[in-house]
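Let's take a walk through a protein fold, starting with a sheet and then moving on to the helices around it. Keep the picture open as you read.

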Amino acid sequence: MAYNEVKNNANRTFERTLTYDLYTDPKVYEQEIEDVFAKSWQLVGHVSQLENPGQYFTAEVAGEPLLISRANDGVIRAFYNVCPHRATKLEKKDAGQRKIFQCSYHGWTFHLDGTLNKAPNFSGEEAACVSDCHLRPVRIEILESLIFVNLDENAKSLIETYGDFFDRLAKFPFLGELKRVNQKTRVLKCNWKAFIDNYLECDHCHVAHPGFVATLDMRNYQIVTCQNYSIQGSVVKPDKTMGSNDLNEAEMQGGEFYWLWPNLMVTIYPGPGNMATIQMLPIDHETTLAVYTYYFRDENLTQEEKDLVTFAEQVREEDVELVELEQIGFRSRAFNRGVYSKSEKAIVQFHELVLEALGR
């Protein structure tokens, strides 16, 4: 499907969606890894994971193993988690504390800032030949305590990419007090884009999310598209409670739900100061790893915070069934594409960005 087909259909009664082969073709998945995920900003962590020098964690972006650490100078850096000597994966643990990084193959060691410490099998004059060998850095930026990386060395900065998104986040005074307290993962039997599509509209909310629509004022629910991101949300209905707590007296009295190109969602629910991130990481063309991360002030959650998590997970559980049923239909010969409703402008934006990235 040509890129212009979506953009130039404004005068038609119904605009047509992406063709369904973009959700089922393994060749499309392979192109997306290179042209979407390897060229976009990807969330890998939160500064609360690296409070002290020597702390590190590992991640994977577009199939590349990464190492993120705080050095003795206090600077947080990102590297390919690969030894320059023989390409061995350097750090094997998910997270930890190190004074120095050591390769398990030939014992090469590296300082926390990525520079070479020792190469045991190179001595004397030979040592000078490898003195400039270091861990290969990866572009990293940190805003609102969120750590992003980009494998594209020529990519625009976070601010250039997402405009005023981080200014919007900054209006929540409690965000600076939050830390990463919990992360859950789930394998979804659907293409990664199916979940994004679902997140970007709320036409299905009255059918699939009774608890959600009972809490938020859906008459004033808004969806706004912005620069490479969108925002949706509303305020809570009068006299609503979550557990035994009055949401009208809560620190956060509405719900705001952000999507950032290509695969990150940031949610702030009614209740105590909170944030959650959702990431859709493709495993293959029809399988996705969903990563749900919660941020609160303390890892020992109050009952109010536990109620909020229960509420959020109920909504997500309802969505999982929907997108997995949708993936079955994507494979059917019954239809090769769908249609947009007038309220699905955020999906149109997402699809236009997909087609642009793929050069279609």
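**The sheet and its helices**

Seven strands form an open sheet in the order β12-β20-β19-β18-β17-β14-β13, and their pairing is antiparallel. Strands here are DSSP runs of E with at least two residues, helices are runs of H or I with at least four, and both are numbered from the N terminus. Two strands pair if DSSP finds at least two bridges between them. At the edges sit β12 (179–188) and β13 (222–225), each pairing on one side only. From one strand to the next, the twist averages 15°.

This is a predicted model, so local features need pLDDT of at least 70 and side-chain atom pairs count only at pLDDT 80 or more, while totals for chains, interfaces and linings use all residues. Residues are numbered from 1 along each chain as its sequence is written, and side-chain values use heavy atoms, with hydrogens and water left out.

Now zoom in on one pair. Strands β14 (residues 229–235) and β17 (residues 254–260) pair in the antiparallel sense over seven bridges.

Next, the helices. Helix α10 (residues 345–358) lies across β13, β14 and β17, in contact through heavy atoms within 4.5 Å. Helix α10 runs at about 25° to β13; axes are lines fitted to C-alpha atoms (for helices, over the stretch in contact), and angles run from 0 to 180 degrees between N-to-C directions.

Helix α6 (residues 192–199) lies across several strands, including β12 and β14, and runs at about 150° to β19. The axes of α6 and helix α9 (residues 303–330) come within 9 Å and cross at roughly 125°.
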